[in-house]
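This report describes one protein model and its ligand. Look at the structure below before reading on.

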Amino acid sequence: MRPILASISLAALAHNLEVARRHAGGAKILSVIKANAYGHGLNRTARALAASDGFAVLNIEEAVSLRQMGMEKPILMLEGPFDAEEMSAYSELNLTPVLHSPHQLEWLRLVAEPLNVFLKFNSGMNRLGFSLADWEAILAHVKVQPQVAQVTLMTHFATADEELGIDWQWHHFQEKAKDACLPVSAANSAAILRYPETHNEWVRPGIMLYGSSPFADVSAAELGLKPAMTLKSEIISVQTLKPGEGLGYGLTFMADEETRIGIVACGYADGYPRHAQTGTPILVSGHRTRTLGRVSMDMLAVDISNIPEAGVGSPVVLWGEGLPVDEVARAAGTVSYELLCALAPRVAVREE
Ligand SMILES: *Cc1c(COP(=O)(O)O)cnc(C)c1O
């Protein structure tokens with residue numbers, strides 16, 4: 001069997017939820033498990049995070065799957081219904097829509113039983129949400145709809161993880177929200193960790209639950225988070241390059257001295273980033289070393305010149321336990337979110 005494997009630590013997920021809980025104070029936690037729980041598996045992650053107060057997903061299929069496993073807690077639909085039919089299904093499944101656009105308000109007519117809704121306002125990200133200028137009119141309209149039970153006010157931050165912070169958005173949103181006397185949901189992972197004033201009634205942690213840092217300048221370990229996914233494989237071939245010889249497609253790595261190379265059973269078709277340059281960190285037999293040359297579809301190469309005991313069958317960690325996914329993401333010019341979500345269906349997954 002091809003040796004690549006993603007091992008998912010249920011204990012790490014539960015631990016990271018506790019970290020979120022500690023930071024969130026009294027706020028209730030909607031664990032964000034969209035995109036197959038950032039690649040970790042929807043149902044297993046929901047089980048591991050059973051102590052959450054609710055969950056947030058994107059697709060109705062994800063919500064159906066959670067209800068089928070017997071999960072009765074609130075499920076927030078992060079972009080609300082995509083068509084009128086979905087709105088009526090929300091009613092049967094008791095889902096909580098985010099309502100962000102006028103066309104969704106029209107679909108409320110199709111709801112049989114009153115639903116709790118999150119009313120999303122655009123406070124500066126300019127992606128989804130009603131304009132703050134329309135606040136009074138929208139709120140007055142939604143509050144009196146017979147199909148609406150509890151209204152929660154929601155917004156999303158564009159720069160909670162960056163130096164710019166949240167004040168430029170939070171100030172305007174808060175000005176309006178403080179008079180409305182309704183529950184509020186604003187904080188993602190970065191705001192949970194950095195901006196307690198945004199916690200309010202419901203927080204929405206995503207990336208931190210998976211053990212990755214939302215910040216470029218603070219590591220997951222410094223935040224007390226544990227990696228939930230470890231992507232592992234093995235060396236399946238060893239080569240020795242002489243000075244002047246090159247490696248892989250494009251011969252982008254050229255040896256200037258004798259170089260011992262391990263070929264690892266992991267490539268971009270497994271979800272490893274093709275943009276990872278020579279020098280991307282990787283663990284072989286527990287030793288930190290570097291990738292060499294271009295990542296190909298099913299394989300990549302590592303420098304084992306300084307790891308004499310390494311050979312065919314030596315264990316390799318691509319990211320996770322012992323090697324933060326954030327470091328690999330940085331070397332590939334991306335963020336951990338993209339790497340975790342891109343784990344390919346062909347990679348076997350094992351729960352730990
Ligand atoms: C994905 C998402 C989150 C979670 O964000 P993280 O940065 O992963 O914590 C929170 N809120 C909304 C609206 C989202 O789409």
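## Residue classes and the model

Ala, Val, Leu, Ile, Met, Phe, Trp, Tyr, Cys and Pro count as nonpolar, Asp, Glu, Lys and Arg as charged, and the others, Gly among them, as polar. By this scheme, the shell around the ligand holds seven nonpolar, four polar and two charged residues.

This is a predicted model, in which local features need pLDDT of at least 70 and side-chain atom pairs count only at pLDDT 80 or more, while totals for chains, interfaces and linings use all residues. Residues are numbered from 1 along each chain as its sequence is written, and side-chain values use heavy atoms, with hydrogens and water left out.

## Around the ligand

The ligand is surrounded by 13 residues (a heavy atom within 4 Å). The closest are K34, Y38, S189, I207 and Y337.

In the side chain of R204, an N or O atom is 2.9 Å from a nitrogen atom of the ligand. The protein covers 91% of the 400 Å² of accessible area that the ligand has on its own (Shrake-Rupley method, 1.4 Å probe).

## Two domains

Domain 1 spans 10–210 and domain 2 spans 229–351; the bounds come from an automatic or database domain assignment. Their C-alpha centres lie 37 Å apart. Nine residues of domain 1 are in contact with eight residues of domain 2 (heavy atoms within 4.5 Å).

Terms used
Polar contact = N/O pair within 3.5 Å; in protein donor to acceptor, adjacent residues only side chain to side chain.
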